[in-house]
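Please look over the chain below before reading on.

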Amino acid sequence: MTSGKINVTVENIFPLIKKFLYSDHEIFLRELVSNATDATLKLKHLTSIGEANVEYGSPIIEVKTDKENKTLHIIDQGIGMTKDEVEKYINQVAFSGAEEFLEKYKDSAKDTGIIGHFGLGFYSAFMVADKVEIFTKSYKDEPAAHWTCDGSPEYTLEDCDKTTRGTEIVLHIAEDSLEFLEDYKIRELLTKYNKFMPVPIKFGTHEEGEGDNKVIVDTIINNPNPAWTKQPSDLTEEDYQNFYRELYPMQFEEPLFNIHLNVDYPFNLTGILYFPKLTGDLQMQKDKIQLYQNQVFVTDNVEGIVPDFLTMLKGVIDSPDIPLNVSRSYLQADGNVKKISNYITRKVADKLKSLFNENRADFEAKWNDIKIVLEYGMLSEPKFSEKAGSFMLYPTVDDKFFTLDELKEATKDVQTDKEGNLVILYASNKDAQHSYINVAKEKGYEILLLDSPIVAHLIQKLESENEKLTFVRVDADHINNLIKKEEVEISKLSEDETTSLQTFIEQIVPKEKYSVKMEAMDSNADPIIITQPEFMRRMKEMSQSGGGGMFGMGNFPEMYNLVINTNSEFASRILNSTDEVEKTENFTQALDLAKLSHGLLKGEELTSFIKRNFKKI
């Protein structure tokens, strides 16, 4: 038997490990199972190249609890360790056996799936245990070793009578961590972190069969061969759907389509991304992509790796080339990360273009469920924006779809203003803007339906990139600039009468909110139309969509145009009324009706309007 002191430079290393090494204590199980996986895969590699003259067989990793003795066991059938190797790998904190192994066999072992990098994973055991034992026997013909440490720098190392190859880690769980003796908790952690580890993991047993045919079988808690580790050519659409249900067992809606990632140069990355049906609450749908490193779950915060606009997707990304700090939980600055992000952007754009070209009707049918992701991508990712023009769609209120080039061609002869700009009309709410849509449609205009929360930013970008192109909402102030001169109505009121009517109205409406305009329109058109200056309305929308965050631009005042149809019977009646009280009441009633139709009659004004009209019943 030998004894000694673990080779550390800080006397209180264990309290530091317990408090600060990992942000979450539950990580210890992931690290220990990862170590067991490494030990198994190392043996697999050595047997494959003839350096280990043993039978590899079908090894598993077993995790089991012993509540009576307050111990948790992690057992593998891997490479094992000799006493000298225990001294080398366990007693020197931060000496990584995996790193040394990969360096030694760098040509032949680069694709073995060996995980460890930092040599600290084993010591995460002391976050939940006040004593840790190792029973280990190497694949080499040497005695088994037993290592014990009570959480201080003191340890013991002696021979033991273990006869089977591999390593058993025994954690004597501390009083403040007894939850890790509960089966439900261990099963939860294994499912979260080790669900797709490349070596089968046993946790307990269960019965199969019925009656006399009942048998007790091991419960394997993971899927060692998940879909993303296979070639796309080996998978069917059903395989992808099944894997989605495996990732998200509580998600009942099927994804719209998937994108399989598979690259091995200049970095290694595999994965599957799914486009789900998106709801209105975009923030709730983020952080659904799972990041793995050699099939070990790392995090579901993939910010920096996946472009921000794609974080609303679901799926898996696995890469050994993503640099992580000691806790495997946060990205470090690295050039590979940007390359990976650019690759994912390009791959998604290529897939979308392929779907558009292969079956445009199907792509159009899915548009409303994916548009917010693509619109956000257009705004935030230049490389995506460059490619998106060929498949970015703009739907109309009549359920037609145009690309931007198709839209320009369809509207160029009708929707050009006096300055020669091509004006694209759009609605943001078909119901609220129904009357405006009808007027525009009667004139033969195409009206897009752009109703996402970031549409103001999108059209700003499109206008900046396309000379002589402007977007105008259908209820905006200068839609009449499109009307041809021969279509302009002649006012039935004289210039003096028009001025008199305008003066009367400006005395009633608040100047800080309404700008009164007099226009000769069709006599059947509404007598009062409320429009909003396009610039002010758009700036306000951009401010609101930012919410003080990504696009926050400050607060903008509410400003409207009050357009009076001088050819309406109502305008003549108001002008000719001699009873000033009745005249004011009639105009106020008409103004309230116009405000009501545009959702602008609220609060005290709405209450007063309702009471006033009830009195007339």
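The model shown here is predicted. In it, the axes of helix α16 (residues 569-576) and helix α17 (residues 580-597) cross at roughly 155°. Because angles over 145 degrees fall in the antiparallel class, α16 and α17 are roughly antiparallel to each other. Their axes come within 9 Å, and α16 passes α17 in a left-handed crossing. On the α16 side, the residues that make the contact are F570, I574 and L575; on the α17 side they are K583, N586, F587 and A590. By class, the residues of this contact comprise five nonpolar, one polar and one charged.

A second pair of helices can be described in the same terms. Two packed helices are described by the angle between their axes and the distance between the axes. For helix α2 (residues 27-48) and helix α5 (residues 183-193), the angle is roughly 65° and the axes come within 10 Å. The crossing of α2 and α5 is right-handed. Helix α2 brings I27, L29, R30 and V33 to the contact, while α5 brings I186, L189, L190 and Y193. Seven of the residues in the contact of α2 with α5 are nonpolar, none is polar and one is charged.

These helices belong to a chain that has 18 helices and 22 strands. The chain is made of 617 residues, of which 50% count as buried. Of the contacts between residues at least 6 apart in sequence, 70% join residues at least 24 apart.

V54 is found in the loop between α2 and β2. Is V54 buried, exposed or partly exposed? With a relative accessible area of 27%, V54 is partly exposed, since buried would require a value under 20%. Leaving aside neighbours within four places in sequence, V54 is in contact with L43, T47, Y139 and R165. Of these, L43 lies eleven residues from V54 along the chain, and the C-alpha atoms of V54 and L43 are separated by 9.0 Å.

V128 is another loop residue, placed between α4 (97-104) and β4 (129-137). The relative accessible area of V128 is 0%, so V128 is buried. Along the sequence, V128 and L178 are 50 residues apart; in space, the distance from C-alpha to C-alpha is 8.3 Å.

Two lysines have backbone angles to note. K70 has a positive phi of about 55° although it is not a glycine. The residue K70 lies in the loop between β2 (61-66) and β3 (71-76). K70 is partly exposed, and its relative accessible area is 33%. K468 likewise is not a glycine and has a positive phi, of about 65°. The loop that holds K468 runs between α13 (455-465) and β19 (469-473). K468 has a relative accessible area of 46% and is therefore partly exposed, as exposed would require a value over 50%.

Key. Residues numbered from 1 in each chain as written. Predicted model: local features only at pLDDT ≥ 70, side-chain atom pairs only at ≥ 80, totals over all residues. Heavy atoms only, no water. Helix = DSSP H or I, 4+ residues; strand = E, 2+ residues; numbered from the N terminus. Buried < 20%, exposed > 50% of the residue type's maximum accessible area, 1.4 Å probe, protein only. Contact = heavy atoms within 4.5 Å. Axes fitted to C-alpha atoms, helices over the stretch in contact; angles between N-to-C directions. Parallel < 35°, antiparallel > 145°, perpendicular 65-115°, else oblique. Left-handed = near helix turned anticlockwise from the far one by under 90°. Nonpolar A, V, L, I, M, F, W, Y, C, P; charged D, E, K, R; others polar.
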